[in-house]
Amino acid sequence: MQAEYQQRRQEFMAKIGNGTAIFRSAPMAVMHNDVEYTYRQDSDFFYLTGFNEPQAVAVLAPHHPEHRFILFVQPKDREKEVWTGYVCGVDGAKEIYGADAAYPIGELEEKLPQYLEKADRIYYHFGRDRTFNDIIIKNYQSLLRTYPKRGTGPVGISDTGTILSTMRLVKSEAELELMRQAAAIAAEAHNRAREFTSPGRYEYEIQAEIEHIFRLRGAMGPAYPSIVASGVNACVLHYIENQRQMQDQELLLIDAGCAYGYYNSDITRTFPVGGKFTPEQKTLYEIVLEAQKQAIAQVKPGNTFHAVHDAAVRVITQGLVEVGILRGEVDKLIEEEKYKPYYMHRTSHWLGLDVHDVGVYQYGEDKPQILQPGQVLTVEPGIYIVPDTKLPEDQPETDPRWVGIGIRIEDDVLVTPTGHEVLTAGVPKEVTAVER
């Protein structure tokens with residue numbers, strides 16, 4: 001992968017011309033007191049370097065005569081490493097990660113100006129680390145003050161995301177292989193969960209089976225907190241308590257994916273706890289399934305990102321009218337968003353190094369993102385009949401037989417040159433396949 005990281009850096013540096021870009025590693029996150037979470041590198045930092053240690057800074061200076069890629073890292077410290085693990089150190093930053101120059105992180109403020117003084121612009125994303133933000137501002141202001149004497153130096157700051165988001169949106173073959181692996185592991189976990197589910201088990205038992213498969217197959221762990229929502233819990237979009245005992249005649253909604261090599265999968269399936277849908281559950285499930293199929297059909301080069309959502313909304317709205325949950329003419333209901341009490345979220349988001357990956361969805365009101373090969377997005381329509389929902393005055397009260405049903409079906413879909421590939425097709429979703 002080091003060749004790929006190098007290629008990405010070269011592409012990025014070609015785009016910033018005579019600028020200098022600065023990237024800060026992710027901080028260590030504290031779980032409680034002095035116990036830290038497992039470290040997870042900042043996605044942009046990792047995308048360009050493959051470097052997975054905290055307390056690091058990467059600098060890209062394409063205009064510098066000798067050092068185009070510079071790393072500031074934790075120095076080797078034998079006593080510290082005994083407690084917290086080995087680090088690559090300054091020499092490793094050059095030998096392993098290909099840095100043209102490397103320094104201890106403690107020398108950052110001393111060394112950084114030499115990589116900025118000939119740049120015409122600084123590229124930096126202002127994050128949550130206010131102390132580091134201040135370092136960037138301090139250097140910029142200092143160089144700006146002395147600009148008249150030298151005639152060189154940065155005269156502006158731009159966000160690195162404007163360039164990197166576009167680069168990260170289209171995945172390389174190496175990235176897609178990692179995403180296929182993440183999808184395959186998550187698919188196995190979902191299939192195991194469906195087999196294991198039965199009335200009387202607790203949601204956390206299902207979560208344990210899922211996350212056991214994740215780690216057993218070499219994934220880093222869950223891509224996000226696993227949602228295992230039975231009964232009315234399925235109407236809570238981001239339910240993560242996972243404590244309830246499951247009952248017969250209920251549905252179980254599982255939204256769970258894993259991270260593999262830093263790349264993520266994101267799958268949702270809904271199925272009957274006791275093995276058979278009730279008539280009402282089956283009716284709504286079939287509406288959501290058809291909505292997802294129609295939405296996936298819109299995933300192809302040249303279509304807009306919004307076409308995926310629009311297709312799902314139309315099927316869901318039509319279906320809700322047919323069963324009497326909504327009342328009115330379909331086009332008008334869509335225009336007035338009368339479907340939103342039952343389908344309140346968008347159908348898709350980008351997927352990659354982040355679960356909600358970077359990338360623009362539209363350029364102003366009238367210019368949506370056009371799908372192109374290499375992009376990966378989720379397709380996840382749903383219907384949620386939330387108890388005590390406040391409905392528009394012109395809509396009927398919801399028949400109690402529908403209330404408390406929550407259904408979502410989600411797959412990860414790659415845009416290919418000729419259409420699409422469903423990366424998560426290994427998890428069944430047809431009624432005959434999910435019933436038992």
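Visitor: What does Y204 count as, at 39% relative accessibility?

Guide: Buried means under 20% relative accessible area, exposed over 50%, and partly exposed in between (1.4 Å probe, protein chains only). At 39%, Y204 is partly exposed; Y202, with 29%, is partly exposed too. This is a predicted model, where local features need pLDDT of at least 70 and side-chain atom pairs pLDDT 80 or more, while totals for chains, interfaces and linings use all residues. Residues are numbered from 1 along each chain as its sequence is written, and side-chain values use heavy atoms, without hydrogens and water.

Visitor: How many aromatic pairs are there?

Guide: A pair of aromatic rings is described by the distance of the centres and the angle of the planes. Rings of Phe, Tyr and Trp (its six-membered ring) pair if their centres lie within 6.5 Å; planes under 30 degrees apart are stacked, over 60 edge-to-face, the rest tilted. The count here is 13. One of the pairs is Y5 with F46: centres 6.0 Å apart and planes at 75°, so edge-to-face. Y5 sits in helix α1 (residues 2-16) and F46 in helix α2 (residues 43-49), 41 residues apart. Both Y5 and F46 are buried. Y202 and Y204 have centres 5.2 Å apart and planes at 15°, so this pair is stacked.

Visitor: Which residues do ring pairs link into a cluster?

Guide: Y5, F46 and Y262.

Visitor: How many residues of α12 are buried?

Guide: Helices are DSSP runs (H or I, at least four residues), numbered from the N terminus. In α12, 13 of the 18 residues are buried, so this helix is largely enclosed by the rest of the structure. Just after α12, G324 has a positive phi of about 90°.

Key
Helix = DSSP H or I, 4+ residues; strand = E, 2+ residues; numbered from the N terminus.
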